Amino acid sequence: MAPCAKVSIDPVAQFVSDVRTGLCKKGQKELPSKYLYDPLGFALFEVITQLPEYGLTRADERLLRRHATEIVRHVPSPALVSELGSGSGRKTRWILSALCEREPVSYYPIELSRAALESCESELGDVECVSIVGVEREYLDGLREVAALRADGVHLLVLFLGSTIGNFDSGADARFLSEVRSVLAPGDSLLLGIDLWKPPERMLEAYDDPQGVTAAFNLNLLGRINRELDGDFDLRQFEHVARFNEATSSIEMHLRSKRRQVVNVRRSGFAATFAAGETIWTESSHKYTRREIAELAVACDFRVEGQWVDDEWPFAENLWVAV
C-alpha cells in the first residue's frame, strides 16, 4: 500500500481557521499563542527579554554561557544541531561555539517567522565553522525534515531553549515532547529550557511590566488580525491582563474587552460578540518543579543526562537523552 500523501495547509488559511474557531468558542474565547509572533510581535518580544522584570532570558543565557562546554561534553561527535523556535539565536551562540571547538557544525533553526530566521542568520553569521540553514516550518514538520538529512552515525542535538514548553496546555507538553522523541534515534539529545516555579508576584511582574511592552505585544495579536484578516478590532477597547492560575501553576495572558462590542473578521467571514469584561486567552506559561521535570522526561522516553539551574532567576537547562 502506498503511503498517505502529506497535505500542506496554507498558513493564511490556517490562521483564518484558528481565529474563527477560537473566537467562536463557547465559554472562554482563545487564540493560539504562536500568532503573537509576526514581525512586529517578534520585535516586541525581543524588547521584553531585555526588561528588568523579565529575568527568564537572562537566566537562560547565563546558564548557556557558563555551562556550554560542559553540556557539549555530553553530546557525541559528530553532531548535527537543530533548534525549535530559535528566535534571534543570541543564546544559541554559546552552544554552537562550544561545539565548534571540536568540529564544524551544521545548524538548522526552525521557525514559523521569516523575520526570526533572518535575525538568527544575521546574529550567528560570524560564528566560525557553523553552516546555517533556516527551516520555515512548524516545529515537528521541520524537525522531521532535518532528521531525514543526517548521515549514518551522525548524532542529532535538538535545542528547545527559553520556556516555550511551558506554553503548552496541561498534558500537551508531554504529547509534544513524545512526538519529538519519536523523531529521534536512541542516543540523540534534547537540550530543554524550563522555567521553574517562583513566588506568583514575581512571575506576574514578568508578564505585566510597568512600561507596557508586554501589553503592546499581546494587543498586537488583534492588530495582526486587522492587518491580515481584514478585522476591525479597536485596540483601545481591549486591555492586557496577566493572572496566576494556581490550579495549573501557570501565568495566563488575556485580552479583556472594556465594553460590549461586536468585531468583524471579514476574511474569516464571521463576527464575534464580546461582553464587557470578557477575555480572549492568548497564552499560558506553566512553571515547573524539578520533580515534574524528572517525571516528564521518563514519561516521554528520555533519560536525564544533566541539569543546570540558575539561582538568581530559578530556571533550568535540561539535557535529556533518547532511550
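Predicted model: local features only at pLDDT ≥ 70, side-chain atom pairs only at ≥ 80, totals over all residues.
Leaving out residues up to four places away in sequence, Leu23 touches Lys29, Glu30, Leu31, Phe233, Phe270, Ala272, Phe274 and Ile280.

Now widen the selection. Leu23 belongs to the largest nonpolar core, which has 63 residues. Val19, Leu23, Ile95, Leu157, Leu191, Phe233 and Ile280 are the ones with the most contacts inside that core. Apart from it you'll find another core, of 31 residues, with Leu80, Leu143, Phe160 and Leu196 among them. As background, nonpolar side chains in soluble globular proteins tend to be buried together.

Next stop: helix H2, residues 39-48. Colour Gly41, Phe42, Leu44, Phe45 and Ile48, which are buried. Why do they sit on the same side of H2? Because they cover an arc of only 165 degrees around the axis. To see what these buried residues pack against, show helix H5 (114-124) and helix H9 (213-229).

Last, jump to Lys287, in the loop between strand E12 (279-286) and helix H10 (290-299). Is this lysine buried or exposed? Lys287 counts as buried, because its relative accessibility is 1%, and the cut-off for buried is under 20%. Beyond its neighbours within four places in sequence, Lys287 is in contact with residues including Leu56, Leu196, Trp197, Met203, Ser249 and Glu292.

Terms used:
Residues numbered from 1 in each chain as written. Heavy atoms only, no water. Buried < 20%, exposed > 50% of the residue type's maximum accessible area, 1.4 Å probe, protein only. Helix = DSSP H or I, 4+ residues; strand = E, 2+ residues; numbered from the N terminus. Arc of directions from axis to C-beta. Contact = heavy atoms within 4.5 Å. Core = buried A, V, L, I, M, F, W, Y, C linked by side-chain atoms within 4.5 Å.
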